[in-house]
Amino acid sequence: MPSDSRTNSPTRPMRADARRNYDRILAVAAEAIAEHGAEASLEEIARRAGVGSATLHRHFPSRQRLLEAVFGDKVEALCAAATDLAVDPDPGQALATWLGAVARHAVSNRGLAASLMRGAHDGDPTLGATCHSMITNAGADLLARARRANAARPDVSITDLLTLVNAICLAVEQEPDGAAQADRLLTLALTGAIGSERPGSGAA
């Protein structure tokens with residue numbers, strides 16, 4: 001990941017109140033993007049977070065910086081979920097559960113990735129590649145563990161599985177119940193791909 005964006009500078013941590021504001025803005029922004037897409041109103045995000053527009057722009061000088069922070073936070077959560085699932089006694093189910101979390105992440109993006117690409121010249125040009133590598137590496141570890149337990153086909157790669165998840169999410173992203181649709185389709189696909197019954201709904 002890029003350097004920690006939760007600091008005002010590389011060497012000076014945020015004050016506790018500033019950290020709370022930052023975290024609240026980030027959480028509200030993620031909800032707003034899931035509801036309204038990447039063009040969600042910054043003024044509405046500030047209002048729902050209980051801060052002024054000036055506070056929001058102090059933490060996130062541009063929409064691009066806010067979108068990057070939301071995306072990075074989601075990717076970190078997916079990687080943390082993979083770490084937690086690495087000790088699950090059922091490696092096949094652990095992989096399926098994580099892929100379900102990836103699908104929910106993708107459905108909730110609502111154009112976030114596309115907006116980040118359009119505005120890449122204004123933000124961190126390495127973010128997309130870095131986050132892709134993080135997700136791929138996290139999933140590859142779970143897939144390797146599932147293979148060792150004979151719970152995944154040897155000819156399936158993590159790239160195959162992530163491409164499958166992405167295709168499913170693109171197909172349902174305009175549906176009002178996109179997350180449920182993605183979960184159902186992923187369940188059907190994974191039954192053949194890795195032999196698991198369902199992607200699960202417990203991962204964050």
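The structure is a predicted model. Its largest nonpolar core holds 59 residues, and helix α4 supplies the largest share of that core, 11 residues. R145, in helix α7, is buried but forms no salt bridge.

**The nonpolar core**
- Within the largest nonpolar core, the residues that touch the most other members are I25, I45, L66, W98, L99 and L161.
- Two or more residues of this core come from each of α1 (16-36), α2 (42-49), α4 (63-85), α5 (91-109), α7, α8 (158-172) and α9 (178-193).
- Beyond its neighbours within four places in sequence, I25 is in contact with I45, A49, V51, T55, L56, H59, F60 and L66.

**The annotated region**
- An unreviewed UniProt entry lists residues 41-60 as "DNA-binding region".
- In the model, this span is 75% helix and 0% strand.

**The buried arginine R145**
- Helix α7, which contains R145, runs over residues 127-148.
- The nearest side chain of opposite charge to R145 is that of D88, 5.6 Å away; a salt bridge would require a side-chain nitrogen within 4 Å of a carboxyl oxygen.
- A polar atom of the R145 side chain lies 3.0 Å from the backbone oxygen of A86.
- Not counting residues up to four places away in sequence, R145 touches L85, A86, V87, D88, P89, P91 and A94.

Key: Residues are numbered from 1 along each chain as its sequence is written. This is a predicted model: local features need pLDDT of at least 70, side-chain atom pairs count only at pLDDT 80 or more; totals for chains, interfaces and linings use all residues. Side-chain values use heavy atoms; hydrogens and water are left out. Helices (H or I, at least four residues) and strands (E, at least two) are DSSP runs, numbered from the N terminus. Buried means under 20% relative accessible area, exposed over 50%, partly exposed in between (1.4 Å probe, protein chains only). Lys and Arg count as positive and Asp and Glu as negative; His and the chain ends are not counted. A polar contact is a pair of N or O atoms within 3.5 Å; within protein, one must be able to donate a hydrogen and the other to accept it, and residues adjacent in sequence count only if both atoms are side-chain atoms. Contact means heavy atoms within 4.5 Å. UniProt positions are given in the numbering used here, feature names are shortened, and annotations may be inferred rather than shown by experiment. A nonpolar core is a set of buried Ala, Val, Leu, Ile, Met, Phe, Trp, Tyr and Cys residues joined through side-chain atoms within 4.5 Å.
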